[in-house]
Amino acid sequence: MFSALKNQIAFFRQFRQRFETTGAIAPSSRFLARSMTSYLAARDPAIPLRVLEIGPGTGPVTNSIVQHLRPQDVFDLVELNEEFVRILSQRFESEPAWKAVKTQSTIHQLPVQEFQTSAPYDFVISGLPLNNFPAELVTSIAETYFRLLKPAGVLSYFEYMYVRPIRKVVTRGAERIRITAIDSTMQQHCDRCRIRRDNIWLNTPPAWVQHLRGF
Ligand SMILES: C[S@@+](CC[C@H](N)C(=O)[O-])C[C@H]1O[C@@H](n2cnc3c(N)ncnc32)[C@H](O)[C@@H]1O
């Protein structure tokens, strides 16, 4: 309980210091984490998997991922912020469910658009705050998601409800152009590849979890 509070405080500090990349005031709820890992949870335990988490932050979604991993799986995490990397590393040292998968897990500290891998992943689970980024970066990150995902794999990411529809109406000028471009990019991917969307009301703020199939 105490470490959960410490993580919340650390997250809020990063929100104040690095708003653009942190993108939220609080770590995701367990309800959102459960939705983000729902396809992973339905896996066949006999088949080894490659799992990638992008933007784990203090690890609320990671905490759900580690419960579903089996000994032959590979788990990579890509996180930009060194303070979050420090917290994640500590959790792999101290929390039983994390310790159990420590040897098969690797934290990479870099922007995901620069991340290279020898093989694609069965599951890509992303917490990136796309609505905060320049439109060209979102295009590049969306391409990265599908480059890293196997054709039959599942990409799960979340976005806060109604942020783009509202901002498209209430903003003007460059900000409206940016948000409209991001909306168009992500809508095209959803139109082509979406399997399901979950509404998560018990989260601050409420969120949509999008699940897309690779191609
Ligand atoms: C909205 S927070 C989500 C944190 C956590 N997954 C959660 O649900 O509470 C976004 C996270 O993405 C990370 N991030 C932002 N841009 C990134 C990038 N280009 N590559 C990797 N991580 C990034 C931030 O440092 C932060 O940890």
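Q: Hi! Where does Tyr162 lie?
A: Hello! In this predicted model, Tyr162 sits in the loop that runs between strand 5 (149-160) and helix 9 (163-170).

Q: What is the phi of Tyr162?
A: Its phi is positive, about 65°, although Tyr162 is not a glycine. For background, most residues other than glycine have a negative phi.

Q: And is Tyr162 buried or exposed?
A: Tyr162 counts as exposed, because it has 11 C-beta neighbours inside 10 Å and the cut-off for exposed is 12 or fewer.

Q: Okay, new topic. Which peptide bond is cis?
A: The one from Thr204 to Pro205 is cis, with omega near -10°. As a rule, most peptide bonds are trans.

Q: Where is Pro205 found?
A: Pro205 belongs to the loop between strand 6 (194-200) and strand 7 (207-213).

Q: Let's zoom out a bit. How many helices and strands are there in the protein chain?
A: The protein chain has 10 helices and 7 strands.

Q: What order do the strands of the sheet have?
A: The order is 3-2-1-4-5-7-6, in an open sheet of 7 strands with mixed pairing. Strand 3 (105-108) and strand 6 stand at the edges; each has a single partner strand, so one side of each is left without a neighbour in the sheet. From one strand to the next, the twist averages 15°.

Q: In which sense do strand 1 and strand 4 pair?
A: Strand 1 (residues 50-54) and strand 4 (residues 121-126) pair in the parallel sense, over 4 bridges.

Q: Which strands does helix 10 touch?
A: Helix 10 (residues 173-193) packs on the sheet and touches strand 6 and strand 7. The direction of helix 10 makes about 55° with that of strand 7.

Q: What share of the 215 residues do buried residues make up?
A: Buried residues make up 36% of them.

Q: Last one: what about contacts between residues at least 6 apart in sequence?
A: Among those contacts in the protein chain, 74% join residues at least 24 apart.

How values were computed: Residues are numbered from 1 along each chain as its sequence is written. This is a predicted model: local features need pLDDT of at least 70, side-chain atom pairs count only at pLDDT 80 or more; totals for chains, interfaces and linings use all residues. Helices (H or I, at least four residues) and strands (E, at least two) are DSSP runs, numbered from the N terminus. A residue is buried if 20 or more other C-beta atoms lie within 10 Å of its own, exposed if 12 or fewer, and partly exposed in between; C-beta atoms are placed from the backbone. Two strands pair if DSSP finds at least two bridges between them. Axes are lines fitted to C-alpha atoms, for helices over the stretch in contact, and angles run from 0 to 180 degrees between N-to-C directions. Two residues are in contact if their C-beta atoms, placed from the backbone, lie within 7 Å.
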